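This report describes one protein chain for a reader who is new to structural terms.

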Amino acid sequence: MLVRVAGACGLLSFVTVTVGWVAGGFAQPAAYSVARDDVSDLGAVTAASPWLYNQLGANLTGLLVIVCALGLWRSVGPSILGRLGAAALAVAGVGGFLDGLFRLDCRGIDAACTNHTWHAHAHKIESGFTGVALLLAPLLCAFAFRRLPRWHGAWLPSLLTLPAIIAANVVFSIVGDGAATRAGTVVAFAWIAFIGARLLAEPAEDVATASPVGPATP
């Protein structure tokens, strides 16, 4: 049951992060550019309707990713690499949740924007750890999945996720830094949704059909 709930959370995280970004972007003034400006600007203290990014795109999404990671941890069993991958995914989820709490002071389009407060600095540090975790999770899982029969079909897509994230960042950097960040993150969350779909498709644990312990029949 936990594994299937975790799978649904993984799929839903792709929806919530996308809605948070898109709706948060539409809420900003025309001067804000999704191609050039940082996605974190959507949750800044000076942002318009910051809750769209902070509570929906970050807090809720982070919690969904954490639950997905817990389901993955359970599904991979005693595999060390698998559990390291699940742990990295959980770290990314925690980082995503904190992203909505440690807010930037202002947006790049705001005059004299410096982002000098403690929570702005915490946001930048957290974003670094979250980014690294999002890169490591699919790579660690790929090597684990290759050795796990029930996950073997997911090892190659997971292995290709890291170069796909890098390629998306490079290609969309031509458009702007904001577009590059969004493109790479979309690929990462597409992988999380893929993991969610795999978890959701796992057979239910058949504990009800286990042979009961009782007195031996003559």
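This is a predicted model: local features need pLDDT of at least 70, side-chain atom pairs count only at pLDDT 80 or more; totals for chains, interfaces and linings use all residues.

Residues are numbered from 1 along each chain as its sequence is written, and side-chain values use heavy atoms, with hydrogens and water left out.

**Overall fold**

The chain contains six helices and zero strands. Helices (H or I, at least four residues) and strands (E, at least two) are DSSP runs, numbered from the N terminus. In sequence order the pattern is α-α-α-α-α-α. Along the principal axes, the C-alpha atoms fill a box of roughly 85 × 30 × 30 Å.

Of the 218 residues in the chain, 46% are buried. Buried means under 20% relative accessible area, exposed means over 50%, and partly exposed lies in between (1.4 Å probe, protein chains only). The accessible surface of the chain is about 11000 Å², and 73% of this surface belongs to carbon and sulfur atoms. Such areas come from the Shrake-Rupley method with a 1.4 Å probe; for residues, only the protein chains shown count as cover.

A contact means heavy atoms within 4.5 Å. Among contacts between residues at least 6 apart in sequence, 70% join residues at least 24 apart.

**Charged residues**

The chain carries 12 positive and 11 negative side chains, and the centres of the two sets lie 10 Å apart. Lys and Arg count as positive and Asp and Glu as negative, while His and the chain ends are not counted. The place of a charge is taken as NZ of Lys, CZ of Arg, CG of Asp or CD of Glu.

How many salt bridges does a search of the whole structure find? The search finds two. A salt bridge is a side-chain nitrogen of Lys or Arg within 4 Å of a carboxyl oxygen of Asp or Glu.

| Salt bridge | Closest N and O atoms |
|---|---|
| R107 and D110 | 3.0 Å |
| R150 and E202 | 3.1 Å |

The pair of R150 and E202 links distant parts of the chain, 52 residues apart: R150 is in the loop between α4 and α5 (155-172), and E202 is in the segment after α6 (177-200). R150 is partly exposed at 48% relative accessible area, whereas E202 is buried at 9%. In the other pair, R107 is buried with a relative accessible area of 9%, and D110 is buried with 18%.

**Cysteines**

A disulfide is a covalent bond between the sulfur atoms of two cysteines. Here the term is applied to a pair of cysteine sulfur atoms within 2.5 Å. The whole structure has one disulfide, which joins C106 to C113 with an S to S distance of 2.0 Å. The torsion about this S-S bond is about 95 degrees, so the disulfide is right-handed. C106 is buried, at 8% relative accessible area, and C113 is partly exposed, at 27%.

C68 is in no disulfide. C9 is buried with a relative accessible area of 13%, and C68 is buried with 0%.

**A residue in helix α4**

L136 is found in helix α4 (residues 118-145). L136 is partly exposed, with a relative accessible area of 41%. The C-alpha atoms of L136 and A23 are separated by 29 Å, and these residues are 113 apart along the chain.
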